[in-house]
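Q: I am new to this structure and would like a close look at one part of it. Could you pick a single residue, show me what lies around it, and then work outwards to the rest of the chain?

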Amino acid sequence: MYQGVSLYYINLPHYLPIGQDVGTRCIASSANIQLRKITSVMNSNISLNDTIGTTRLKKRRQMTLDQAHSHGKPGRADLHMHSTYSDGIATIEQILHHTQHNTNLSVIALTDHDEIEGSLRARDLWAKGKYRFDYIVGEEISTREGHMLALFIEKRIAPGLSIERSIDLVHEQGGLAIVAHPMNRIFRHSCQREVLDRIHTNQDVWLDGIETWNASFCGIYANRVAMSANREIYGWPELGNSDAHTLNSIGRGCTWFNGSTAQDVRNAIEAGQCAPGGRLWRVNDYLRLARHHINKHRPLRRVRVA
Ligand SMILES: [Zn+2]
Ligand SMILES: [Zn+2]
C-alpha cells in the first residue's frame, strides 16, 4: 500500500461489517468527514490495477519511479520548498529556472515560512513565462503545535494560532491543509502524535494530507514513524516533498499522482490517490545551506584603504 487511505477506502465493503479493522475505526472516529471522502473516492474511477498496486505496496515505505509509472502515476509534484522570502537561499527566479531546466517535476508549490508574498510573486513570474510545469501558491504556517502547509491559498495566514484554527483558515480560502514533517521528537516545529490524535478525533476539523516523506533532516527516521502511524491509525492522504532550502534539493522528495497539472494533484490528494516518493537531501545540500548561513552571520571585515 502506498498510502493508507486508498486501502481503507478500497476495502470498505469488507471492513464495515467487521467493525474492528483500522479502516472502520478510522471512519467511526470522524464519520462525517470520512464518509464524505469515501463517497468521492467510490465515485471516482479506481481501477483493478490500482487496487492490486495498492495492495502490493502495502508494506513499502514509499513509491519508486518504476512503481509510480507502472501504476499510472506519471505526475511528480514537489509542494514544499523555500525561497529568499524566508530562509531559503534561492530567489524565486532561480527556483523557476531550476525547476524548468534541471528537474522533471510536473507541479511545484513555493511555501515560505509564514509568508505568501514570494509565492504570489513567483506565480506572476510563472504566468508570464513559458514553463512546462504547473504552479501552486502556498505557505508553511508556524502553528502553535507545529508546521503545516497551506496549498491553493491566496491570502497569508498568520503564525501562532492553534493548528485547528489554522486548518479552518486554510479551508475558508478553499485551500488544502497538509501537516509538514510530523512526529519528529527532536524538531520543535514538528507536530507530535498527541496533536495528530486530537485532529483525528475532532469531528469538525480535518487534515487534507500528511507529509510522510520529507527529504530534509526533519524526515530522518520521523518519515518512517509518520508512515506507520498514518497507515495504522489516521489514514490521511500521503505526500512526499523536498522541503528544499537550496536549488539542488528541489525534487528530492515528491508526490506521485495521476496527471500533470495542479488540479490533477489536488484531485489526487482529495481522493487519497497520491503517493510519497523521493530521497533525502544530499550532504552537499546541507553544506551549501550551512555555508550560506555562516556567511550571512559573519561580521563584515574592515578593509583598510590606503
Ligand atoms: Zn517546516
Ligand atoms: Zn519547510
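A: Let's start with Thr 212 and its contacts. Leaving aside residues up to four places away in sequence, Thr 212 touches Asn 223, Ala 226, Met 227, Asn 230, Glu 238 and Pro 276. Please keep in mind that this is a predicted model. Is Thr 212 buried or exposed? Thr 212 counts as buried because it has 34 C-beta neighbours inside 10 Å, and a residue needs 20 or more to be called buried.

Thr 212 is found in strand β6, which covers residues 209–214. This strand is mostly covered, with 6 of its 6 residues buried. Across β6 and β7 lies helix α11, made of residues 222–234, and the helix runs at about 150 degrees to β6. Among the contacts of Thr 212 listed above are Asn 223, Ala 226, Met 227 and Asn 230, so you can look for them in that helix, whose residues are 222–234.

Next, follow the strands that pair with β6. With β7, strand β6 pairs in the parallel sense over 4 bridges; here Glu 211 has Leu 239 in β7 as its bridge partner. Strand β5, residues 176–179, also pairs with β6 in the parallel sense, over 2 bridges. In that pairing, Ile 178 has Gly 209 in β6 as its bridge partner.

These strands belong to an open sheet of 9 strands, with mixed pairing and the order β7-β6-β5-β4-β3-β2-β1-β8-β9. Which strands form the edges? They are β7 (238–241) and β9 (275–278), each of which pairs on one side only. From one strand to the next, the twist averages 35 degrees.

The partner of β9 is strand β8 (residues 253–257): the two run antiparallel and are joined by 4 bridges. In this pair, Gly 253 stands opposite Gly 278 in β9.

For a contrast with the strands, turn to a pair of helices. Two packed helices are described by the angle between their axes and the distance between the axes. For helix α7 (residues 92–102) and helix α8 (residues 117–128), the axes come within 10 Å and cross at roughly 50 degrees. That angle makes α7 oblique to α8, and the crossing is right-handed. On the α7 side, Ile 92, Glu 93, Ile 95 and Leu 96 take part in the contact, and they meet Gly 118, Arg 121, Ala 122, Leu 125 and Trp 126 in α8. The residues of this contact divide into 6 nonpolar, 1 polar and 2 charged.

Finally, step back to the whole chain. Its secondary structure comes to 13 helices and 9 strands. Of the 306 residues in the chain, 49% are buried, and Thr 212 is one of the buried residues. Among contacts with a separation of 6 or more, 69% are between residues 24 or more positions apart.

Definitions and conventions:
Residues are numbered from 1 along each chain as its sequence is written. Chains are lettered from A and ligands numbered from 1 in the order in which they are written. This is a predicted model: local features need pLDDT of at least 70, side-chain atom pairs count only at pLDDT 80 or more; totals for chains, interfaces and linings use all residues. Two strands pair if DSSP finds at least two bridges between them. Axes are lines fitted to C-alpha atoms, for helices over the stretch in contact, and angles run from 0 to 180 degrees between N-to-C directions. Two residues are in contact if their C-beta atoms, placed from the backbone, lie within 7 Å. Angles under 35 degrees count as roughly parallel, over 145 as roughly antiparallel, 65 to 115 as roughly perpendicular and the rest as oblique. A crossing is left-handed if the near helix is turned anticlockwise from the far one by less than a right angle, and right-handed if clockwise. Ala, Val, Leu, Ile, Met, Phe, Trp, Tyr, Cys and Pro count as nonpolar, Asp, Glu, Lys and Arg as charged, and the others, Gly among them, as polar. A residue is buried if 20 or more other C-beta atoms lie within 10 Å of its own, exposed if 12 or fewer, and partly exposed in between; C-beta atoms are placed from the backbone.
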